[in-house]
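This briefing concerns the ligand site and the domain arrangement of one structure. Please view the model first; the notes that follow may then be read against it.

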Amino acid sequence: MLDIKFIKTDNPKPIPGPENPLVFGTIFTDHMFVMDYTEGKGWHDPRIEPYAPISLEPSAMVFHYGQEMFEGLKAYKTDDGRILMFRPDKNIERANNSNRRLMIPEIQAEDFLQAMKELVRAEQAWIPAKEGTSLYIRPFVIATDPFLGVRPSYTYKFMIILSPVGAYYPEGLDPVKIWIEDEYVRAVRGGIGEAKTGGNYAASLAAQMKAHEEGYSQVLWLDGVERKYIEEVGAMNIFFKIDGTVVTPQLNGSILPGVTRRTCVELCKSWGIPVEERKVSVEELEKAARTGALEEVWGSGTAAVISPVGHLRYEDEVFQIGDGGIGELSQRLYDTVTGIQLGRVEDTFGWTVEVK
Ligand SMILES: *Cc1c(COP(=O)(O)O)cnc(C)c1O
């Protein structure tokens with residue numbers, strides 16, 4: 001158990017009302033969680049303090065060599081006023097996998113969960129109640145040694161900030177257009193693709209801008225070696241329903257193992273739908289699209305939960321999926337996952353954790 005010190009703000013901010021669109025990642029609550037790490041001493045001084053700028057030396061290692069990891073999950077308010085988090089144990093497990101890959105000291109799972117719960121509890125007035133809204137939780141660790149040499153840092157800061165977010169699709173699930181990138185790659189096996197870390201996002205920006213210029217909202221990455229097999233979308237994993245079977249790229253070391261991905265796989269299996277985690281080539285998709293076997297395509301991630309894909313572009317070809325609306329299975333997954341998150345569908349898997 002952490003003994004978390006609470007330093008309350010003297011300056012509470014106005015909490016956004018239901019008219020506020022809550023654009024993702026723009027508004028932060030009054031407090032944040034901070035805990036420091038020092039070699040030899042371990043993690044220490046856990047505290048919840050006023051949300052404010054932090055002071056670091058310009059030589060702090062995170063600015064130069066990118067030793068950092070982050071997570072993303074949400075807290076939801078149920079109709080009967082309870083607060084639920086969705087599978088936080090999976091985010092914590094992944095955070096420590098990222099930590100190990102990046103030589104960042106691990107954080108005890110119980111401490112991590114306690115820190116998120118205490119912060120969310122302290123800030124519960126900020127959890128928006130309107131349909132589709134939630135409180136986004138962003139835990140992260142940064143390397144803070146003032147040193148320009150290359151080695152793992154001896155000191156770190158673990159922080160958690162919270163941000164109320166609006167409905168991802170205020171007008172209902174709207175299929176997105178996706179650009180299959182054949183020039184840039186996001187990650188290669190053996191690299192840091194399976195860690196949730198800023199460097200992967202820095203690597204993705206050039207392709208994202210290229211896709212935006214072409215009128216596409218997201219990039220679908222191919223494997224970094226042959227550029228033949230599908231990996232994942234910007235911040236989502238990807239699923240295809242081909243001839244009644246759900247297919248998703250297998251976790252191969254360069255794909256980020258999404259919690260929503262795992263949830264989709266487990267739900268489909270529980271419904272008796274065949275699921276294959278394996279290599280999927282662009283060629284296979286091309287053929288499936290041509291013969292009409294490509295029934296549905298969707299992305300999975302914490303932000304949108306399920307994001308139907310209506311249109312894929314690869315070089316000069318366009319694959320149109322279905323009739324441009326949301327597929328039946330995509331809708332069923334969306335309704336079930338969001339239903340469990342909001343306490344409206346019975347949580348037979350024990351996925352939700354209540355913040356009391
Ligand atoms: C976070 C993330 C995902 C989705 O993971 P979830 O746990 O489902 O939110 C997928 N791809 C990348 C690159 C990510 O950073």
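A polar contact is a pair of N or O atoms within 3.5 Å. The model is predicted. In this model, a polar side-chain atom of T260 is 2.7 Å from an oxygen atom of the ligand. The protein covers 97% of the 380 Å² of accessible area that the ligand has on its own.

- R94 places a polar side-chain atom 2.8 Å from an oxygen atom of the ligand.
- For T260, the corresponding distance is 2.7 Å, from a polar side-chain atom to a ligand oxygen atom.

**Surroundings of the ligand**
- The ligand is surrounded by 15 residues, of which K196, Y201, E232, T260 and T302 are the closest.
- Sorted by class, the shell around the ligand holds six polar, five nonpolar and four charged residues.
- The largest pocket is the space that the ligand takes.

**Domain arrangement**
- Two domains divide the protein: domain 1 covers residues 5–165, and domain 2 covers residues 176–341.
- A distance of 27 Å separates the C-alpha centres of domain 1 and domain 2.
- To the contact between them, domain 1 contributes 19 residues and domain 2 contributes 20 residues.

Note on methods. Residues are numbered from 1 along each chain as its sequence is written. This is a predicted model: local features need pLDDT of at least 70, side-chain atom pairs count only at pLDDT 80 or more; totals for chains, interfaces and linings use all residues. Side-chain values use heavy atoms; hydrogens and water are left out. A residue is near a molecule or strand if one of its heavy atoms lies within 4 Å of it. A polar contact is a pair of N or O atoms within 3.5 Å; within protein, one must be able to donate a hydrogen and the other to accept it, and residues adjacent in sequence count only if both atoms are side-chain atoms. Accessible areas come from the Shrake-Rupley method with a 1.4 Å probe; for residues, only the protein chains shown count as cover. On a 1 Å grid over the protein atoms alone, a cavity is a set of points where a 1.4 Å probe fits but cannot get out, and a pocket is an open set with protein on both sides within 12 Å along at least five of seven lines; lining residues have an atom within 4 Å of a point. A molecule sits in a cavity or pocket if more than half of its atoms lie within 2 Å of its grid points. Ala, Val, Leu, Ile, Met, Phe, Trp, Tyr, Cys and Pro count as nonpolar, Asp, Glu, Lys and Arg as charged, and the others, Gly among them, as polar. Domain bounds come from an automatic or database domain assignment. Contact means heavy atoms within 4.5 Å.
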